[in-house]
Amino acid sequence: MSQMKAVSAEPFGLKRDGGGLAAGIKILEKELKRASLDTVLAKANRVTVRKGSAGAGAFATMRPKPVDWYTFDAGDNATREWYPQGLTCASDAGIGGSAFVVSWYHTPASGAERGVRLSFLNTATLRYRHVLLVRAGADGDIAPINIHAGGVAWYGNLLYVADTTRGLRVFDTRQIFEIDGTGTESIGRKGDVYEAFGYRYVMPQTDAWTTTSGTVRFSFAAVDRSTTPDTLISGEYVDTAGTVGRVARWTLTEGGTLNAPAGGVVKALDAYALPGGKIQGALSYEGTWYLSQTVGAAGNGTLIVVGDTVRRRPYPVGPEDLTCVRDKRTLWSVSEFPGRRTVYGVPL
């Protein structure tokens, strides 16, 4: 029996809130060329290094050591304008292949806010590409989405992105559009073309699930495919001394949406108190919970494994969201701080 303490799931109600999004996407369908996910992966323009030296030092104190890892290119590893947060993979989605998706939030030193981007990483080709997330207005214009994007979960065609105080925003891998402008300093429709800060591809938001209580934080996201039916996970990062957050799960339909009554509120299946503060990611699998805990940039994090007992494993500095590659029985995370940014997997 898991040592996770059950708490009330009542505060974790979510209501569908996607009104108005479809109209803008219909205009984009007329104005821009749609790109498939396979095309985005095939045309990935950045290079990742498998088991690169940038990761080796970060793993010196880990037990067990990573079985595999991928580093970002030099620019992405060093930048202080973008920080990786969320992580999910094709195993979560239930599709073939070995792709990972990483969410990043923007912290502009100057200039325009650029919101959130997703990195689609193809481990088979050792290439990845950033795709900008946008909101399409009813007039077809696009704008960045300025949220923290602390977690991302992929199920079927849908990507759930954590929106800290509001709930979960939804994006669809069948709704990716190729930008026809080449400008790098602006976004939106400019005359006859669209600009997106130089990004070749954008993904417009297609749906949203909004908290009904206003007392819950959505700091990370994951998928549990060992429950029946499959479930979506999200929970709270809390850094107040003596206080811990909570984590909850919602059932998913075969199509990937939350299982809510028509026009109604979807209730969480269950909820638990987390066994410590500063939890950055949570994943449940076959009755065991895996939790990434940070102490910030000053020291190594901890992987907390909660089943019949509670175990704590050494983890790298700055561990974030968690995902699982089920056929290889590996647990994956991403580290957020400059100079140490890797996507890495350890045995479950």
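Trainee: Is glutamate 286 buried, exposed or partly exposed, and what makes it so?

Mentor: First, note that this is a predicted model. Glutamate 286 has a relative accessible area of 49%. Buried requires under 20% and exposed over 50%, so glutamate 286 counts as partly exposed. Glutamate 286 sits in the loop between β24 (279-285) and β25 (288-293). Its phi is near 50°, a positive value in a residue other than glycine.

Trainee: Which residues of helix α1 are buried, and why are they said to line one face?

Mentor: In α1 (residues 21-31), the buried residues are Leu21, Gly24, Ile25 and Leu28. Viewed down the axis of α1, they fall within an arc of 100°, so they line one face of the helix. An α-helix has 3.6 residues a turn, so residues three or four places apart point the same way. Lys26 and Lys30 are exposed on the other side of α1.

Trainee: What do the buried residues of α1 pack against?

Mentor: They pack against β10 (127-136), β11 (142-144), β15 (176-178), β17 (193-196) and β18 (201-211).

Trainee: How many aromatic pairs are there, and why is the pair of phenylalanine 12 and tryptophan 250 called edge-to-face?

Mentor: A search of the whole structure finds eleven aromatic pairs. In the pair of phenylalanine 12 and tryptophan 250, the ring centres are 6.2 Å apart and the planes stand at 65°. Centres must lie within 6.5 Å and planes over 60 degrees apart count as edge-to-face, so this pair is edge-to-face. Phenylalanine 12 lies in the loop between β1 (5-6) and β2 (14-16) and tryptophan 250 in strand β21 (residues 246-251), so the pair ties together parts that are 238 residues apart in sequence.

Trainee: How do you know whether phenylalanine 12 and tryptophan 250 are buried or exposed?

Mentor: The relative accessible area is 1% for phenylalanine 12 and 0% for tryptophan 250. The limit for buried is under 20%, so phenylalanine 12 is buried, and so is tryptophan 250.

Trainee: What makes the pair of tyrosine 315 and tyrosine 344 edge-to-face?

Mentor: Their ring centres are 5.6 Å apart and their planes are at 75°. With centres within 6.5 Å and planes over 60 degrees apart, the pair is edge-to-face. The pair links strand β27 (residues 310-317), which holds tyrosine 315, to strand β30 (residues 342-347), which holds tyrosine 344, 29 residues apart. Tyrosine 315 counts as buried at 1% relative accessibility, and tyrosine 344 counts as buried at 0%. Phe59, Trp69, Tyr315 and Tyr344 form one aromatic cluster.

Trainee: How do you know that arginine 117 lies over the face of tryptophan 104?

Mentor: Arginine 117 is at 4.5 Å from the ring centre of tryptophan 104, where the distance has to be within 6 Å. The charged end of arginine 341 sits over the ring of tyrosine 83, 4.9 Å from its centre.

Trainee: What makes β26 and β27 a pair?

Mentor: Strand β26 (residues 300-306) and β27 are joined over six bridges in the antiparallel sense, and a pair needs at least two bridges. The two strands form a hairpin with three residues between them. Within this pairing, asparagine 300 stands opposite valine 317 in β27.

Terms used:
Residues numbered from 1 in each chain as written. Predicted model: local features only at pLDDT ≥ 70, side-chain atom pairs only at ≥ 80, totals over all residues. Heavy atoms only, no water. Buried < 20%, exposed > 50% of the residue type's maximum accessible area, 1.4 Å probe, protein only. Helix = DSSP H or I, 4+ residues; strand = E, 2+ residues; numbered from the N terminus. Arc of directions from axis to C-beta. Contact = heavy atoms within 4.5 Å. Phe/Tyr/Trp six-rings, centres within 6.5 Å; stacked < 30°, edge-to-face > 60°. Lys NZ or Arg CZ within 6 Å of the ring centre and 35° of its normal.
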